[in-house]
Amino acid sequence: MKAAVWYGKKDLRVEERELKPLKDHEVKVRVGWAGICGSDLHEYEEGPVFMPSEAKDELTGEQTPLTMGHEFAGVVEEVGSEVKNIKAGDRVAINPTLTHGNKPEIVDIYDGFSFIGLHGDGGFTTYANVPEANAYLLPESMTLQDGALVEPMAVAVQAVKEADMQFGDTVAVFGAGPIGLVTILAAKAAGATRIIALDLSEKRLEKAKELGATDIINSGDTDPVVAIRKLEKDGVDVAFEVAGVEPTFKQAIDATKARGTMVIVSIFAKSIDWNPMQLTGSGVKVTSTIAYSPTTFQQTVDLMGTGQLNPRGIITDKIQLDDIVDKGFEALSNDKSQAKILVELSGEK
Ligand SMILES: [Zn+2]
């Protein structure tokens, strides 16, 4: 079967690969659609970041070269002998997170985690074998394309839960890339009345407005903190940092009201120079999230199933596996108007 395989930085190859034997607790998924994620792009542009290139990953037992893709959904074709709750023909979205599972789920991920599609073979291919526990049944109302969007959407649902949002809260989202966009959707679903999106790209800001931002601010044209405080003089209740750089980190704190919450959602590629007195002086609380718990992943499926969350608007292109480098990774690197690109595998509904 054909697969998009990561060999190294700027070296992603579409080539023939054998599917590994199905284990007793695994299901074999015929991949329908798979999304390209910002973390995939990091691996392509400056990897290895997470990909195990030196030694085998502890949780997957695998090592590069690996098939990428951790945002995918498909139809179960076959199940292992110990699989209990899933059968052939079921439509599933994959939660790619693997943990040791020794701790309560809200802290389990901090005990170490790996990702299907980053630390082990993933979904940019025809078939993927995944543990039954990582396959979530999709309701009738959701397509397999929707299923491929559950993973990024779940990141935003977790971030909004972390913020302890209330109806009527005011929100600022720093960064209108794919995760910024789903954060806007999640904040809106959680009852935010004002959602201010900030970015340097007009095209991204337009998209943010389309998806529910009430106000957009181009941080390149104007001081974002001054602009936010013109709209909300005491600052916002909650700020989400989804850009991952020093200026937005500080701005997100400055834009938040006293005892309000700033949530770090992004992955910081570099350390920053920062004085914690910014918190002491402002009374802002800073917290963070990484990925999502299994409960949050299931809630995201449920919320998408009822239509309370609908991230379809983040899709900016659908491409073929053969074109994944040029029309996928290179397009995302060079064109800021791109948000989520889906790769068509079986292409089933
Ligand atoms: Zn992702």
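Predicted model: local features only at pLDDT ≥ 70, side-chain atom pairs only at ≥ 80, totals over all residues.
By class, 27 nonpolar, 13 polar and 10 charged residues make up the lining of the largest pocket.

Begin by selecting Gly38, His42, Val242, Ala243 and Ser266, which lie nearest the centre of the largest pocket among its 50 lining residues. The space in this pocket amounts to about 1,400 Å³. Next, colour the elements that each give two or more residues to its lining: α1 (38–46), β8 (113–115), α3 (144–162), α4 (178–189), β12 (194–199), α7 (246–254) and α10 (324–334). Which element gives the most to this lining? It is α1, with six residues. Now display domain 1 (2–137 + 310–344) and domain 2 (154–288) in separate colours; each supplies at least three residues of the lining of the largest pocket.

Move on to the second largest pocket, where about 920 Å³ of space is found. Select Thr97, Leu98, Thr99, Ile116 and Asn134, which lie nearest the centre of this pocket, itself lined by 43 residues. Then highlight β7 (97–99), α2 (105–108), β9 (127–131) and α3, each of which supplies at least two lining residues here. The largest share comes from β9, with five residues.

Keep the domain colours in view. The lining of the second largest pocket takes at least three residues from domain 1 and at least three from domain 2. Finally, colour this lining by class: 18 residues are nonpolar, 14 are polar and 11 are charged.

Methods: Residues numbered from 1 in each chain as written. Heavy atoms only, no water. 1 Å grid on protein atoms, 1.4 Å probe; cavity = no way out; pocket = protein on both sides within 12 Å on 5 of 7 lines; lining within 4 Å. Points joined across faces, edges and corners; volume = space filled by probe spheres on them. Helix = DSSP H or I, 4+ residues; strand = E, 2+ residues; numbered from the N terminus. Nonpolar A, V, L, I, M, F, W, Y, C, P; charged D, E, K, R; others polar. Domains from an automatic or database assignment.
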